[in-house]
Amino acid sequence: KSQTRPNRGFYIILVSLKKPNNMVQKYLFSHSELASSREIIFRATPLGKLRSVLPLEDLTNQLPAKSCAQGAKPWFDRRGLIALMFLKSYYSELSDASLIEQMNGNWHMQLFCGIQLADHEQIKDLSIVSRIRTYLGKYLDLSVFQQGLISHWKEDMKQTHVNMQDATVYESYIKYPTDVKLLWDCCEFLHDFYENLRQSTHQKKEKHSFKPQGIKQRSFNLLRKKSHKKSRRRRSQLLKLLARLNNLIKPLLEKFGHLLRLCEKRSARYQTILTIMSQQRYLHDNPGKKVADRIVSLCKPYVRAIVRGKENKAVEFGLKVNMMQVDSINIIEHYSYNAYNECNRIEPAIALHKKLFGDVHQVAADRIYATNANRTYLKKENIAHNFIPKGKGDTPQKKQLRNALNRGRSTILEGSFGNEKNHYGLRKVKARNQANEMIWIFFAVMTANA
C-alpha cells in the first residue's frame with residue numbers, strides 16, 4: 001500500500017513467464033478471494049450483514065439432497081430455500097408474490113438467496129414462497145434447527161449465565177370467532193358440498209331452508225347490538241339447518257361414496273364440521289358448560305382460545321410460546337395451541353439452558369412463575385431469582401439484583417415480543433395450515449435474533 005497515496009488500495013501484480021507455446025500467470029491473490037464489485041457492496045448492506053451471521057451451509061443437513069420444492073426450473077438450491085424464508089421474515093410487509101416481484105429487480109435480494117438472474121431471466125412462479133414453506137415444514141425439525149443456529153451464535157454471546165423467561169401468544173390470522181359465525185361457515189360449506197354431490201350423482205334436489213336462513217343471517221349481521229336471546233335463537237336455527245344438510249349428505253355418501261373421489265382436504269373439513277355440530281349442540285343444550293378442545297375456526301381447527309386476562313385483549317387465538325432469552329437471543333422452549341400453565345416450564349427451561357450454554361446463575365421470570373415448587377428448585381440449584389422473597393432475610397444486595405433482573409425482563413424480553421410482532425410479521429400469522437404456521441413463527445423469531 002502506497003504511503004503517499006493511501007486511497008489507492010492494494011495492487012494486483014501479474015508476473016508473466018514466457019515459455020514456448022504457453023503463458024503462465026501468477027496472481028498475488030487467488031481467484032476465490034477476488035469478489036465481484038456487487039458482492040463487495042452487498043457485504044456492507046444490512047442484508048449482507050444479516051447473511052453473514054446465518055450458517056446456511058450447516059442448516060441444510062435435514063433437507064434431501066435433491067429438492068422437490070422447485071418449479072420447472074430450480075431457481076434455489078438447498079441454502080437458497082432457507083435463505084428465502086429468512087428474507088420473507090425480514091421483509092414481512094411484503095406478500096409472497098410481492099417478495100418474488102421485488103427479487104426479480106433487486107440483486108441484493110438475489111445475492112442473499114445465492115442466485116443471480118440474467119437480464120432476460122425472471123421468476124414468474126409467484127407461489128414458490130408458499131410451496132417452499134410447505135416443503136420446509138415437511139422436513140425441518142425445528143428444535144434441531146434452532147440448536148444449530150444457537151451453537152453458531154454462542155461464541156459471540158457473553159452473558160450466558162442469565163436466563164429470562166416469559167410466555168406470549170402469536171395469534172393466527174382468523175376472524176374473531178363467535179358461535180353464530182362458526183355455525184354459518186359450516187352451513188355454507190355443507191350447502192356447497194351437498195350441491196356438488198347432488199350434481200355429480202345426478203340426484204333430485206331436496207328441500208332445505210338455506211336461502212331463507214341466509215337472509216336472516218345477513219339481517220343478524222347488520223344488528224349493532226346482538227342480545228343473548230337473539231344469538232341463542234340464531235344458533236338454534238343454524239343447528240337445525242346443519243342437521244338437515246347433514247341428513248341430505250349422509251345417504252349420498254353411503255350410496256355413492258365408493259364412486260366419488262373426495263379430496264383429503266374436503267373430507268377432513270367435513271369431519272371437522274361433524275365435531276363442531278356435536279360441540280355446539282352440547283353448549284346450546286347446557287348453557288354455562290365448557291367443552292374440551294373446542295374448535296373456534298373452521299379453516300384452522302387446530303387453533304384454541306387462550307385466556308390471557310389482559311386489559312385490551314382478554315382472549316387470544318394462536319400459538320402459545322414459552323420463550324427463553326439468553327443475552328438478548330430468544331429461544332423457543334415450549335409451544336402449544338392448547339392453553340397450558342407456563343409456571344411448570346422453569347425446570348425444563350433450566351435443563352435446556354444447561355444443555356446449550358452451561359451453568360445458570362440467575363433467573364428472571366414473571367410473577368406467575370413464583371410458585372413454591374419453583375422456589376424450592378431454584379434454591380436447590382443455588383440459582384438467584386427475581387421473585388419477591390417470603391419472610392425475612394432480604395438484603396440490599398439481593399434487592400439490587402432483583403431490581404436489575406426485573407428491569408431486564410420487562411424491557412429486553414417483553415420488548416422483543418413487540419419487536420417481533422410489529423416488524424417481523426407475527427402480529428397476525430397468515431399461514432394457512434399448522435405446519436406452515438410453525439415455519440412462519442420460527443423463522444421470524446430467528447430473523448429477529450440474527
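Leaving out residues up to four places away in sequence, which residues does Phe189 touch?

1. Phe189 touches Arg266, Arg269, Tyr270, Ile273 and Leu298, where contact means heavy atoms within 4.5 Å. Phe189 sits in helix α8; helices here are DSSP runs of H or I with at least four residues, strands are runs of E with at least two, and both are numbered from the N terminus. Along the chain, Phe189 and Arg269 are 80 residues apart, yet their C-alpha atoms are separated by 8.8 Å. With a relative accessible area of 15%, Phe189 is buried (buried is under 20% relative accessible area, exposed over 50%, partly exposed in between, using a 1.4 Å probe and protein chains only).

2. A word on the ground rules. This is a predicted model, in which local features need pLDDT of at least 70 and side-chain atom pairs count only at pLDDT 80 or more, while totals for chains, interfaces and linings use all residues. Residues are numbered from 1 along each chain as its sequence is written, and side-chain values use heavy atoms, with hydrogens and water left out.

3. The buried residues of α11 pack against α8 (179-201) and α10 (228-256); among them are Tyr270, Ile273, Ile276 and Leu283.

4. Two residues deserve a glance for their backbone angles. Most residues other than glycine have a negative phi. His202, which follows α8, has a positive phi near 55 degrees. His202 lies in the loop between α8 and α9 (210-221) and is exposed, with a relative accessible area of 71%. Asn382 also has a positive phi, near 60 degrees. Its place is the loop between α13 (372-380) and β8 (384-385), and at 68% relative accessibility Asn382 counts as exposed.

5. Which residues touch the most other members of the largest nonpolar core? They are Phe76, Leu84, Phe112 and Phe443, in a core of 77 residues. Such a core is a set of buried Ala, Val, Leu, Ile, Met, Phe, Trp, Tyr and Cys residues joined through side-chain atoms within 4.5 Å. Helix α15 (residues 434-449) gives this core its largest share, nine residues. Beyond its neighbours within four places in sequence, Leu84 is in contact with Phe76, Leu99, Met103, Cys113, Val129 and Ile132. There is also a second, separate core of 28 residues, including Phe210, Leu248, Phe256 and Ile276.

6. On aromatics, the structure holds eleven pairs (rings of Phe, Tyr and Trp, the last by its six-membered ring, pair if their centres lie within 6.5 Å; planes under 30 degrees apart count as stacked, over 60 as edge-to-face and the rest as tilted). The ring centres of Phe442 and Phe443 are 5.7 Å apart and their planes stand at 90 degrees, so this pair is edge-to-face. Phe442 is buried at 2% relative accessible area, and Phe443 is buried at 1%. Together with Phe86 and Phe145, these two residues form one aromatic cluster.

7. Lys226 lies over the face of Phe220, at 5.6 Å from the ring centre. Lys320 lies over the face of Tyr340, at 4.9 Å from the ring centre.

8. Finally, do look at strand β3 (residues 162-171). Ten of its ten residues are buried, so β3 is largely enclosed by the rest of the structure. Both of its faces are covered, with Val162 and Met164 among the buried residues on one side and Asn163 and Gln165 among those on the other. Strands pair if DSSP finds at least two bridges between them. β3 runs parallel to β7 (residues 362-364), joined by three bridges, and Asn163 has Val363 as its bridge partner there. With β5 (residues 315-326), the pairing is antiparallel over eight bridges, and Glu171 stands opposite Gly318.

Definitions and conventions: Lys NZ or Arg CZ within 6 Å of the ring centre and 35° of its normal.
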